[in-house]
Amino acid sequence: MKKYAVLLTAVLAVVVFSSGCVSQGNNTYNFNGISFNYSSNWQEISNIKTQDALVGVGDPDSADKPTNNVNTLVIVQKVPVSSNFTLKQFYDDTYAKYAQDSTFQTISNKTIKVNGLTGYENVHKIMVNGVLKEERVVWLEKNGNAYVILCGALIGDFDGQQSNFNIVINSFKVQ
């Protein structure tokens with residue numbers, strides 16, 4: 001009987017591991033009043049120059065060699081929303097300004113839910129520091145602040161990074 005229990009345990013272990021039910025693990029960021037998970041092979045980015053950025057994480061293997069700028073990344077910003085604006089008005093106003101940039105091309109816009117918060121998502125192409133990138137940007141609001149989750153990658157890498165971007169977006173919480 002003991003042999004069968006060991007065999008059954010071994011078979012169940014093989015089934016669980018092969019089905020993908022076991023997580024490969026993620027890193028967790030929990031600071032500045034926000035928390036989220038991110039891919040275990042990504043790192044925090046120390047040299048973020050984006051205004052109002054709380055944190056950036058990215059794939060160190062995507063760094064441009066001459067500049068060391070990480071091309072596949074997620075940056076989280078916290079921006080106060082004026083009491084005269086709704087999040088939707090702030091979002092629309094921001095993208096109306098970007099529309100003036102000849103390198104900016106909107107791909108899609110939609111309303112989304114992230115951990116109970118209604119937000120807005122914009123996917124677009126834009127030139128960043130002379131490099132054409134595709135970005136997926138999620139806007140959420142809590143306690144009078146907009147939390148902007150900017151997920152970006154080079155055009156050819158963007159689609160393949162959606163699972164890494166989803167890890168951050170789907171686990172994002174404001175404390």
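# Talking through the fold

Mentor: Hi! Average pLDDT over the protein chain is 87, and 86% of the residues score at least 70; pLDDT is the predictor's confidence in each residue, from 0 to 100. This is a predicted model, where local features need pLDDT of at least 70, side-chain atom pairs count only at pLDDT 80 or more, and totals for chains, interfaces and linings use all residues. Residues are numbered from 1 along each chain as its sequence is written, and side-chain values use heavy atoms, with hydrogens and water left out.

Trainee: Over which residues is the pLDDT below 50?

Mentor: Residues 1-23. Beyond near neighbours in sequence, that stretch has three contacts in the model, a contact being heavy atoms within 4.5 Å. Where pLDDT is low, the predicted coordinates should not be read in detail.

Trainee: Okay, and how many helices and strands does the protein chain have?

Mentor: There are four helices and 10 strands, taken as DSSP runs numbered from the N terminus (helices H or I, at least four residues; strands E, at least two). Along the sequence they follow the pattern α-β-β-β-β-β-α-β-β-β-β-α-α-β.

Trainee: Nice. Which residues touch the most other members in the largest nonpolar core?

Mentor: I34, F36, V74, I149 and F172, out of 24 residues. A nonpolar core here is a set of buried Ala, Val, Leu, Ile, Met, Phe, Trp, Tyr and Cys residues joined through side-chain atoms within 4.5 Å. Buried means under 20% relative accessible area, exposed over 50%, and partly exposed in between (1.4 Å probe, protein chains only).

Trainee: Which element gives the most to this core?

Mentor: Strand β9, with four residues. As for F36, leaving aside neighbours within four places in sequence, its contacts include V55, V57, V76, V168 and F172. Another core, of 19 residues, lies apart from that one, with Y95, F104, I126 and L150 among its members.

Trainee: Switching to charges: how many salt bridges does a search of the whole structure find?

Mentor: Four, counting a side-chain nitrogen of Lys or Arg within 4 Å of a carboxyl oxygen of Asp or Glu. One of them joins K88 and D92 at 2.9 Å, N to O. Those two are four residues apart in helix α2 (residues 87-98), so about one helical turn separates them.

Trainee: And which residues are linked in a network?

Mentor: K110, E121 and R136. K110 meets E121 at 3.9 Å, N to O; K110 lies in strand β6 and E121 in strand β7 (residues 117-128), so the pair ties together parts 11 residues apart in sequence. R136 meets E121 at 2.9 Å, N to O.

Trainee: Is E121 buried or exposed?

Mentor: Buried, at 7% relative accessibility. R136 is buried too, at 11%, while K110 is partly exposed at 46%.

Trainee: What about Q161, where is that found?

Mentor: In the loop between α3 (155-158) and α4. Q161 counts as buried at 13% relative accessibility, and beyond its neighbours within four places in sequence it is in contact with W42, T72 and A153.

Trainee: Last one: which residues make the nonpolar surface patch of about 220 Å²?

Mentor: M127, L132 and I155. Patches are made of residues with over 30% relative accessible area and no salt bridge, with like charges joined within 9 Å and nonpolar side chains (Val, Leu, Ile, Met, Phe, Trp, Tyr) within 5 Å; accessible areas come from the Shrake-Rupley method with a 1.4 Å probe, and for residues only the protein chains shown count as cover. L132 lies in strand β8 (residues 131-142) and is partly exposed at 40%.
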